[in-house]
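Visitor: Please show me the sequence and the model, and then let us talk through some of the details together.

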Amino acid sequence: MKLRRRQRERLSLGLQYLVFIAVIAAVLFAADWDRLADAFFRVDIIKSMFPTIITVALRNTILYTLGAFAFGLVFGTILALMRLSRVAPYRWVATAYIELFRGLPALLVLFLVGYGIPIAFPEREIPGGVFGSIAIGLGLTAAAYMAETIRAGIQAVPKGQMEAARTLGMSHFTAMRTIVIPQAFRIVIPPLTNELILLTKDSSLAYVLGVTAQTIEITKFGRDMLNDRVNATPLLVAGLAYLIITLPLSQVVRRLELRYAKAR
């Protein structure tokens, strides 16, 4: 008997669900739950991590992320405007910077800021100490990506907006500042929020600059606890701490994208 197309689709869907359930059941029955609980869910270790993981590690992670994002947003906006400038040298410099820093690992840039600059200029210090070094190091890389995002947002604003503003007597700078750039930022809020999520995870690289007990972030805190207790539970708790930041941001991105899609 030949099945109709809809029947074949239902059969295929049912088989996929059946395979999924079978795999889950096999994992549940095959897993050594006592061993997994001892390796990843030690309650005594979880208790020992609080409140430090929240009051110090999570707080520092948020501060590093916000500092890098603020630096990258300001610098990235400048680069985006340079990329769109009618002055050719501005475009060349911005393009060279963006291509360079998008091609360099964030870890290498952090080493450059944290160790290379102090060696080259020993008489000068980066403002903010470790926080300043992390914010600038991560922000330099983030600025290259944000610049392209912001540039795309500016170009997405209808040209008629600028033409109407110029007709009303506004200068090019005033029209960009009051009309074009605000609209561009509304367009690029979702991808910029994604960049914020990426910076949250990139803040885990801060350990390479020699953080202390007061400047430690989530990953370094979890790794130190792992080495101290010889158990993987701290890694699970560290991962959950990151999710406290990233999951709400992911929901914000989805809502903003949905709102923008409806507006269009």
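Visitor: By how much of a helical turn are D224 and K220 separated in helix α10?
Guide: This is a predicted model, in which local features need pLDDT of at least 70, side-chain atom pairs count only at pLDDT 80 or more, and totals for chains, interfaces and linings use all residues. Residues are numbered from 1 along each chain as its sequence is written, and side-chain values use heavy atoms, with hydrogens and water left out. Helix α10 spans residues 218-229, helices being DSSP runs of H or I with at least four residues, numbered from the N terminus. Because D224 and K220 lie four residues apart in α10, their separation is about one helical turn.

Visitor: What is the N to O distance in the salt bridge of D224 and K220?
Guide: A salt bridge here is a side-chain nitrogen of Lys or Arg within 4 Å of a carboxyl oxygen of Asp or Glu. The side chains of D224 and K220 meet in such a bridge, with an N to O distance of 2.9 Å.

Visitor: Is K220 buried or exposed?
Guide: Buried means under 20% relative accessible area, exposed over 50%, and partly exposed in between, with a 1.4 Å probe and protein chains only. D224, at 30%, is partly exposed, whereas K220, with a relative accessible area of 17%, is buried.

Visitor: Which residue is linked with R42 and D44 in a network of salt bridges?
Guide: R42 forms a salt bridge with D44, their closest N and O atoms being 2.9 Å apart. The network that links R42 and D44 also includes R229.

Notes. Helix = DSSP H or I, 4+ residues; strand = E, 2+ residues; numbered from the N terminus.
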